[in-house]
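Subject: Structure for you to look at

Hi,

Here is the structure I promised to pass on. Have a look at it first, then read my notes below.

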Amino acid sequence: MPFTGHIETTGAQEHFNHWRFRHLKPDTWNLEPGTRYMSLKNPYAQRRFMRSFDKLWTRFEGFINRFTKSDFNPFYHLGTLTIYMLIVLIATGAYLTIIYRPGLDVAYGTVEKISSNWFGLLIRSVHRYASDAMIVLILLHFLKMMFSDRYWGPRWLAWTSGWIMLAATWLTGTFGYWLIWDRRAQWMTEYMMDTVAGSEGLTYVSPTLASTTFSNFVIILFLHVFIPLIGFLGIYIHVLRLSRARWWAPRWVAIQATIGLVVLSLIKPAMSAMPADLGTMVTSTPMDAYYLGFLPLIDQVGNWIFWILAIFLGGFFFLLPWLASGRDLGPALVTDEKCTGCVLCYAECPYDAIRMVARTDDSGYQKLAVINNAQCTGCGICVGSCPTDAIDLKAGYNGEQTFSAIRGALKREKKDKHPVTVLFASQRDEALNGLPESILSNKTNSPISVTEWGTSKVITAILPSISSVNIAWIKTLRSDGARDVVLLSSPYDDNLYREDAHWISNRLRLRPALMTADVHWLETTPGDSKSVADYLDKLNRADAQADKQPITLPEAKDRGRRNPSFLGSLFSVTLLTLLFATAIPLDIPSSMADADESAIRIAVDAKGKLEEAEIPEGVVLPPGADAEKIFGGEHFPISIRLIVDGETLLEKTYEASGLSGNGRIAGMEFIPISSGTHQVEILVKDDDQDFRTAYSGEVTVEKAKVLLFYYNERLGVFEAR
């Protein structure tokens, strides 16, 4: 992809002066006498409303980690699990499509044929529950991204494309329910007929019902198959701004999800409702709330109110990146004079926000790192990767100055002969109260704080991310006398900037000499301050110091092929099964609002009559010639008046369609009436004469039945069906 970002660089001294005078504040000068420390607010912590939900979410994930360990928490793979559900739907859908036959007269029968044997019923049930699971997983993925502030700024493309894919998923699912042609499909058809009410709606009440609706079945089937196939294009756009997008779910979570789908399918197989019958209203039919819940809601609140609310809420969340955007520390800034073109920042950037361009100066280096501001999230990973301190963050974070502050605090404490532990944590840890209270209460706007911990001191450095730690710092701090250096990391698969834990651990792997007993890797669920406090307490014990072991890093290769414990797998399978099973209680039996009564449906589909054509003077037409066809003429509208038991329930005029007003005249009305026997009279006016009687008689309408009156233009009467 060609680079189109803005090139923004500055000289080393100019950048330092800008940073120093803008970000050093007197209220944070008290860490060491005579030394000024930078003031750096945590923008992630300032959005307290979002952080309150973020804390609840991470506590729930922490609860799961107690049983599965963080390496096997399915809630860390919501996005890739959604893609796996799409694959399951395509695979099972291929089998169902081979057997399925479209058409009003055969669709329901072929679906029942599929369900007549155990394998077909299993495939159909897995297909149904995977479609519900996909909706659930997308919604949970949205919530996680929203609560953790990963939807605005450079991430707007992923957020908006995700909402489009959710709408496409919902639309595809409703098409699937319609293809069964049971009572659920009937309700959708009734809604379409009442909403469209034109020639398309009349298709389902025409005399040639089976033949006129076959093309509709073919079109819907095509869309039901085609939309999921182009879903991978949507996923590509969704991850377009990521350097290393994860498409495939780990093997263990895919197996667990499959087991959950199969278990659900065996417990409650997917079954059809009663066959569709447009002469009967829908009564007590299970409606999948994820896909079909809009039908009962529209029946209750009204079509316009529902769609106005739906469009408002959908539009609000779609535009959330601009309506409720936050702030970060980015974008990154490159000091040209310091950049050696080593490509480390380019290799580690998770958001494809760095390009290496050819240098034209006399530095002697071939490449220069250039930041694409539109894609930079201010994660600070590039700052930690740079061996020459050539990259800072525009909002005030400077790795070189941060490290100087840490060393200054360390030297001060070593003068007093205190054992010192240096703790590196991220701004997310601070925002979610993942650090002990004594550390947080002792912290000012400076990213550096010094806390007394038992008989030792703890120097805590709050960085944009854990990968903001430059690996050279660890060697220097140990040389300066730090007893322990602790790297506090979120779970490997749950980082605010996707690859925080990966890159700092990778840097350590490339320098095995640093992987000593004095360097510690502490992985905790965000917000778990107790684990941090317990670990610091442990480091204060003499026996723990004597038994310290070399650092153990999380595995990086083939993580998706690892296998969880039996108990962990059992817990995850149960959790996923319960998550997918939300489709069962939401399969709510619903009835049409008028199902307690009866109804009359009036259907008009006519060519209409033309006014007498004006034949030009002197023109004589041959015998049998149609003057209207030759010289044209305006259509008369058709007016309908429905009288039931002496009361006029409908009086409406239908105009000819088309731009010139010479198309067909189509209209359809649904009029609820009470059950029982009624005297019905229908009057028609289709020319310049007065109304004439097109139907008159006594009819008996049973409860929940719909009596259809279809206009027979050739005879000029309405026929009851």
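D494 is buried, and so is R428, where buried means under 20% relative accessible area, exposed over 50% and partly exposed in between, using a 1.4 Å probe and protein chains only. The two form a salt bridge, with their closest N and O atoms 3.7 Å apart; that term stands for a side-chain nitrogen of Lys or Arg within 4 Å of a carboxyl oxygen of Asp or Glu. D494 sits in the loop between β10 and α23 while R428 is in helix α20 (residues 427-431), so this pair ties together parts 66 residues apart in sequence. Helices (H or I, at least four residues) and strands (E, at least two) are DSSP runs, numbered from the N terminus.

Before you go on, note that this is a predicted model: local features need pLDDT of at least 70 and side-chain atom pairs count only at pLDDT 80 or more, while totals for chains, interfaces and linings use all residues. Residues are numbered from 1 along each chain as its sequence is written, and side-chain values use heavy atoms, with hydrogens and water left out.

Back to the charges. The whole structure has 34 salt bridges. One of them joins D71 to R559, at 3.1 Å between the closest N and O atoms, and both residues are buried. D71 is in the loop between α3 (48-68) and α4 (78-99), and R559 in the loop between α25 (542-546) and α26 (566-580), so they tie together parts 488 residues apart in sequence. D71 and R559 also belong to one network with D493, E555 and R562, joined by salt bridges that share partners.

What about disulfides, meaning pairs of cysteine sulfur atoms within 2.5 Å? There are 0. The sulfur of C339 is 6.2 Å from its closest cysteine sulfur, in C345, which is too far for a bond. For C386 the closest one is in C342, at 5.9 Å, again too far.

Lastly, find the open sheet of 5 strands, ordered β8-β9-β7-β10-β11 with mixed pairing; two strands pair if DSSP finds at least two bridges between them. β8 (448-453) and β11 (519-523) are at the edges with a single partner strand each, so one side of each has no neighbour in the sheet. Strand β10 (residues 484-489) runs parallel to β11, paired over 5 bridges, and S489 has E523 in β11 as its bridge partner.

Cheers

Terms used
Disulfide = S-S within 2.5 Å.
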